[in-house]
Amino acid sequence: MTLVREFELRAIEERRNGLIPGFIHPCVGQEATAVGACLALAPADVITSTHRGHGHLIGKGGDPRYMMAELAGRSTGYCLGRGGSLHIADFDLGILGANGIVAGGIPIAVGAGLAFHLRGEKRVALAFFGDGAVNQGAFHEAANMAGLWKLPVIFMCENNLYGEGTPQHKQAPIADLAARAAGYGFPGIIVDGNDVLAVYEAVRMAAERARAGLGPTFVEGKTYRQRGHYEGDPMVYRTQEEMEYWKARDPVVLFRRRLLEAGIFDEQTLDKVHQDVLRQLDEAVEFAKSAPIPKAEEALLGVYGDTHNGLVF
Ligand SMILES: Cc1ncc(C[n+]2csc(CCOP(=O)(O)OP(=O)(O)O)c2C)c(N)n1
């Protein structure tokens with residue numbers, strides 16, 4: 001979680017410094033859903049991600065160097081600098097792609113789940129998506145098919161209370177989005193999305209169910225994005241009190257406290273982990289800076305049939 005948090009803060013800083021062009025959508029405040037869910041999966045399982053995907057990618061083992069280079073549009077990035085923050089994929093790690101289309105990753109995960117089911121493989125596909133995505137047609141079609149055929153899919157909803165600037169109560173007539181799973185014949189579980197262990201346990205159980213051939217589970221993690229929808233969003237749509245309430249429930253701080261209270265790690269060890277993360281990010285920024293910008297004449301290279309990092313373009 002520390003790597004996710006610090007990656008986001010560093011990316012924000014490097015965007016201000018001019019290294020990163022375009023938009024980034026940080027997941028600060030949502031680290032527990034990303035990391036808890038990914039840790040409950042096996043390496044052979046796959047995920048699909050969203051426009052707010054940096055945490056999902058790091059959780060599934062993404063290399064911060066290739067990620068930072070991709071954000072910076074450099075040719076050593078995960079997608080040769082062509083995808084940017086919104087479209088990172090690494091098939092070797094089971095990351096089928098972040099996605100700029102709201103709900104776009106959900107049918108892709110169901111397609112992967114269908115493939116696992118047909119091949120008799122005990123693998124699981126997990127789709128990350130936000131509360132806004134649950135109102136898209138793509139979610140409903142995919143959920144219906146997964147429920148009908150009992151596919152090994154986990155619908156991992158990060159309910160951060162907003163779709164851009166629209167609060168959740170103005171997007172949907174129900175507060176608990178997990179209730180929608182019942183309409184498609186599978187369970188919906190609600191967890192504290194700021195508690196990494198609660199998310200881990202819910203997804204672990206969902207993965208076990210999927211591997212046993214019992215079909216999908218919808219896991220709704222109640223969480224909050226502490227920053228704007230995108231970096232630079234003036235955030236006029238919410239109150240200081242609300243932001244402070246959630247800041248006091250910061251998942252990274254809560255987990256650190258829990259580890260200390262349980263005597264699992266001491267302050268010194270956790271500080272060392274933090275320092276190591278900062279060093280990794282210095283390296284990632286240097287890696288990005290030292291890489292060339294892709295040449296214009298290479299724009300069409302790899303569009304048809306070539307591969308990079310196991311990815312077919
Ligand atoms: C199909 C589609 N409609 C609209 C948009 C514009 N858009 C980008 S992010 C977003 C809000 C998504 O909210 P949510 O699914 O809750 O995810 P969050 O940003 O909260 O992580 C919207 C409407 C889009 N990218 N794709």
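Alanine 103 is found in the loop between helices H4 and H5 of this predicted model. The phi of alanine 103 is near 75 degrees, a positive value in a residue other than glycine. Most residues other than glycine have a negative phi. Leucine 80 also has a positive phi, of about 60 degrees, although it is not a glycine. Leucine 80 belongs to the loop that runs between helix H4 (64–71) and helix H5 (105–119).

The ligand may be considered next. Its shell consists of 15 residues, and the closest are His51, Arg52, Gly100, Gly132 and Tyr162. Divided by class, this shell contains four nonpolar, eight polar and three charged residues. The space that the ligand takes is the second largest pocket.

At histidine 51, an N or O atom of the side chain lies 2.8 Å from an oxygen atom of the ligand. At glycine 132, a polar backbone atom lies 2.8 Å from a ligand oxygen atom. Both distances fall under the heading of polar contacts because such a contact is a pair of N or O atoms within 3.5 Å. A nitrogen atom of the ligand takes part as well, at 3.1 Å from an N or O atom in the side chain of glutamate 164. On its own the ligand has 580 Å² of accessible area, and the protein covers 72% of it.

Charged side chains also pair within the protein itself, where the structure holds 19 salt bridges. One of them joins the side chains of aspartate 45 and arginine 211, with an N to O distance of 2.7 Å. This pair links distant parts of the chain, as its two residues are 166 residues apart. Aspartate 45 is in the loop between helix H2 (31–39) and strand E1 (46–48), whereas arginine 211 is in helix H7 (residues 196–211).

Technical notes:
Residues numbered from 1 in each chain as written. Predicted model: local features only at pLDDT ≥ 70, side-chain atom pairs only at ≥ 80, totals over all residues. Heavy atoms only, no water. Near = heavy atom within 4 Å. Polar contact = N/O pair within 3.5 Å; in protein donor to acceptor, adjacent residues only side chain to side chain. Areas by Shrake-Rupley, 256 points an atom, 1.4 Å probe, with all protein chains shown as cover. 1 Å grid on protein atoms, 1.4 Å probe; cavity = no way out; pocket = protein on both sides within 12 Å on 5 of 7 lines; lining within 4 Å. Sits in = over half its atoms within 2 Å of the grid points. Nonpolar A, V, L, I, M, F, W, Y, C, P; charged D, E, K, R; others polar. Salt bridge = Lys/Arg side-chain N within 4 Å of Asp/Glu carboxyl O. Helix = DSSP H or I, 4+ residues; strand = E, 2+ residues; numbered from the N terminus.
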